[in-house]
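Please look at the sequence and the structure shown here before reading on. The report goes from the whole chain to single residues.

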Amino acid sequence: IRDDLVTGVQTCALPICCLPSTVFPTGAGLPLGVQVVAKGMADHATMEFARLMTERLGGLEPPWKYGG
């Protein structure tokens, strides 16, 4: 199985299950993100966790050639 197909399946499965999720950048210098999932009706928990982690990790940093 190709990696892009597996990734597509993983990202599509959560909305089908009606679970709230939020994706945030890791700030690791690479275009990587983490998807946070919570129990039903807990959208606020995923968004708050993503906000706190983005503050802690530094958020998205543009690549050097786009950073100015």
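The model is predicted: local features need pLDDT of at least 70, side-chain atom pairs count only at pLDDT 80 or more, and totals for chains, interfaces and linings use all residues. Residues are numbered from 1 along each chain as its sequence is written, and side-chain values use heavy atoms, with hydrogens and water left out.

**The chain as a whole**

The protein chain has two helices and two strands. Helices (H or I, at least four residues) and strands (E, at least two) are DSSP runs, numbered from the N terminus. Along the sequence their pattern is α-β-β-α. The chain has 68 residues, and 16% of them are buried. Here buried stands for under 20% relative accessible area, exposed for over 50%, and partly exposed for values in between (1.4 Å probe, protein chains only). Among contacts between residues at least 6 apart in sequence, 33% join residues at least 24 apart. A contact means heavy atoms within 4.5 Å.

**The two strands**

How do β1 and β2 pair? They run in the antiparallel sense, with five bridges; two strands pair if DSSP finds at least two bridges between them. In β1, Thr22 and Phe24 are on the covered face, while Ser21, Val23 and Pro25 are on the uncovered one. Phe24 stands opposite Val34 in β2.

Val36 is also in strand β2. Its C-alpha atom is 8.2 Å from that of Phe24, twelve residues away along the chain. Apart from neighbours within four places in sequence, Val36 is in contact with Pro20, Ser21, Thr22, Phe24, Thr46 and Phe49.

Thr26 lies in the loop between β1 (21-25) and β2 (33-37). Residues up to four places away not counted, Thr26 touches Leu32, Gly33, Val34, Leu57 and Gly59.

**The aromatic pair**

The structure holds one aromatic pair. Phe24 and Phe49 form this pair, with 6.3 Å centre to centre and 70° between the planes, and it is edge-to-face. The pair links distant parts of the chain, with Phe24 in strand β1 and Phe49 in helix α2, 25 residues apart. Rings of Phe, Tyr and Trp (its six-membered ring) pair if their centres lie within 6.5 Å; planes under 30 degrees apart count as stacked, over 60 as edge-to-face and the rest as tilted.

Met41 is in the loop between β2 and α2 (43-57). Although Met41 is not a glycine, it has a positive phi of about 65°. The 15 residues of α2, at 1.5 Å a residue, should span 21 Å, and the end C-alpha atoms are 21 Å apart, which agrees. The expected span is 1.5 Å times one less than the number of residues in the helix. Just after α2, Gly58 takes a positive phi of about 100°.

**Relative accessible areas**

The table lists the residues with their values.

| Residue | Relative accessible area | Class |
|---|---|---|
| Phe24 | 5% | buried |
| Val36 | 14% | buried |
| Thr26 | 16% | buried |
| Phe49 | 40% | partly exposed |
| Met41 | 78% | exposed |
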